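Try each task on your own before reading its solution.

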Amino acid sequence: MGKIRVLPVYPEFPLTFWSFESSVKLMGKKAAMPPTGLATVLAMLPEDRFNIERIIDMNVEPLTDDHIKKSDLVFTSTMIVQEGAHNEVVDRAHYFGKKVVAGGPFVTTYPEKTEADYIVAGEAEVTLRPFLEDLVKGTNRKIWTESDVRGRGVVQLTKGGKVEITSTPLPRWDLVNLEDYISAAIQYSRGCPFDCDFCDITKLFGRESRTKKPEQMIAELDALYDFGHRGSVFIVDDNFIGNREKVRTLLPYLRNWQEKRQFPFSFYTEASMNLAWDSNVDILKGMNESGFDFVFLGIESIDNEVLKIMHKG
């Protein structure tokens with residue numbers, strides 16, 4: 001049996017705040033940031049069974065009929081806002097008789113809204129391996145969730161039942177052209193201790209902030225540097241300071257790495273408003289010394305009762 005030819009496709013974003021369309025044009029780039037999640041999932045596919053084509057990021061280039069016809073399986077990773085483009089990809093793949101493997105927040109949250117052939121829901125570290133095992137056996141199943149594959153994986157789980165991300169592989173940066181993007185993007189943690197009702201993060205990743213090891217983050221930076229990236233790096237955490245003690249441990253590693261290479265990267269991230277509390281001034285100082293130049297903050301409410309409901313005190 002020959003290798004399965006996988007075509008990774010990242011659907012196009014509609015015109016929204018996060019598409020940064022004007023900034024992209026102004027800076028002479030093609031898109032804001034690469035599909036880090038999809039590139040990470042592809043690193044989990046066994047190379048002896050799968051032949052992985054380069055990622056077709058539809059925010060950078062069009063998906064052609066020829067791309068689809070040369071593949072056996074189309075892999076997608078989709079945020080909720082990309083629903084329309086994702087479903088168009090599924091329709092085009094089906095037109096040429098190709099099956100689609102779908103993951104990401106959109107299909108995890110709304111599996112009923114896609115006609116993808118296989119839905120690998122939740123965190124790929126848990127669900128991807130059981131899916132691949134079933135795929136090889138010729139499965140007729142459609143959805144793999146974290147709860148129904150429990151016990152089939154070899155990944156380490158936290159006490160809360162969420163996957164440890166200390167063994168998550170480096171993204172396959174060889175499958176994208178980093179020069180097409182304004183910023184690179186890497187992940188340090190998943191989950192958030194708060195419970196804001198407008199946000200789906202805790203539903204997807206839980207309220208336990210799980211982090212990578214400092215050595216992993218250094219490897220992430222080394223990989224970007226070795227692939228030629230310089231400039232902006234978005235640490236795409238839902239809340240970078242969700243686990244403040246771990247962040248305090250990480251920051252000296254980031255600072256030392258930057259100093260040794262004369263600060264090739266400028267970092268930015270997302271965090272909750274308590275970053276500005278007096279008790280966290282050391283974190284803010286450490287971020288500044290490590291090369292963070294801005295933080296995206298969400299001001300959820302000025303009503304104390306609302307903040308209490310969200311466990312923000």
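## Exercise 1: Salt bridges

In this predicted model, the count of salt bridges comes to 25.

**Task.** Find out which parts of the chain the pair lysine 162 and glutamate 123 ties together.

**Solution.** 
- Start with the contact: the side chains of lysine 162 and glutamate 123 meet in a salt bridge, at 3.5 Å from N to O.
- Lysine 162 lies in the loop between strand 7 and strand 8, and glutamate 123 in the loop between strand 6 (118-120) and helix 6, so the pair ties together parts that are 39 residues apart in sequence.

**Task.** Decide where arginine 248 and glutamate 245 lie, and how many residues apart they are.

**Solution.** 
- The closest N and O atoms of arginine 248 and glutamate 245 are 2.7 Å apart, and the two form a salt bridge.
- Both residues lie in helix 9, three residues apart, which is about one turn of the helix.
- Now classify each partner. Arginine 248 has a relative accessible area of 24% and is therefore partly exposed; glutamate 245, at 52%, is exposed.
- To finish, look for shared partners: one network of salt bridges joins Glu123, Glu125, Glu146, Lys162, Arg190 and Arg210.

**Solution.** 
- The cut-offs needed are under 20% for buried and over 50% for exposed, with partly exposed in between.
- Arginine 141 has a relative accessible area of 29%, so it is partly exposed.
- Aspartate 134 has a relative accessible area of 10%, so it is buried.

## Exercise 2: Helix 8

**Task.** Work out the span that helix 8 should have, and compare it with the distance between its end C-alpha atoms.

**Solution.** 
- Helix 8 covers residues 214-226, which makes 13 residues.
- The expected span is 1.5 Å times one less than the number of residues.
- For helix 8 this gives 18 Å, and its end C-alpha atoms are 18 Å apart, so the two values agree.
- Now look at the cover. Buried residues of helix 8 are Pro214, Gln216, Met217, Ile218, Glu220, Leu221, Ala223 and Leu224.
- Among the elements that cover them are strand 8 (184-186), strand 11 (231-235), helix 9 (244-260) and strand 12 (265-271).
- After helix 8 comes glycine 228, with a positive phi near 95°.

## Exercise 3: Nonpolar cores and a surface patch

**Task.** Identify which residues touch the most other members of the largest nonpolar core.

**Solution.** 
- The largest nonpolar core has 55 residues, and Leu45, Phe131 and Phe240 touch the most other members.
- Helix 6 (residues 124-136) gives the most to this core, with six residues.
- A second, separate core has 17 residues, including Val9, Ile56, Ile68 and Ala102.
- Back to phenylalanine 240: leaving out residues up to four places away in sequence, it touches Tyr188, Ile235, Val247, Leu250, Leu251, Thr269, Glu270, Ala271, Met287 and Phe292.

**Task.** Name the residues that form a nonpolar patch on the surface with about 440 Å² of accessible area together.

**Solution.** 
- The patch is formed by Met273, Leu297, Ile299 and Ile302.
- One of these, leucine 297, is found in strand 13 (residues 292-297).
- Leucine 297 has a relative accessible area of 36%, so it is partly exposed.

Definitions and conventions. Residues numbered from 1 in each chain as written. Predicted model: local features only at pLDDT ≥ 70, side-chain atom pairs only at ≥ 80, totals over all residues. Heavy atoms only, no water. Patch = residues over 30% accessible without salt bridge, like charges linked within 9 Å, V, L, I, M, F, W, Y side chains within 5 Å. Areas by Shrake-Rupley, 256 points an atom, 1.4 Å probe, with all protein chains shown as cover. Salt bridge = Lys/Arg side-chain N within 4 Å of Asp/Glu carboxyl O. Helix = DSSP H or I, 4+ residues; strand = E, 2+ residues; numbered from the N terminus. Buried < 20%, exposed > 50% of the residue type's maximum accessible area, 1.4 Å probe, protein only. Core = buried A, V, L, I, M, F, W, Y, C linked by side-chain atoms within 4.5 Å. Contact = heavy atoms within 4.5 Å.
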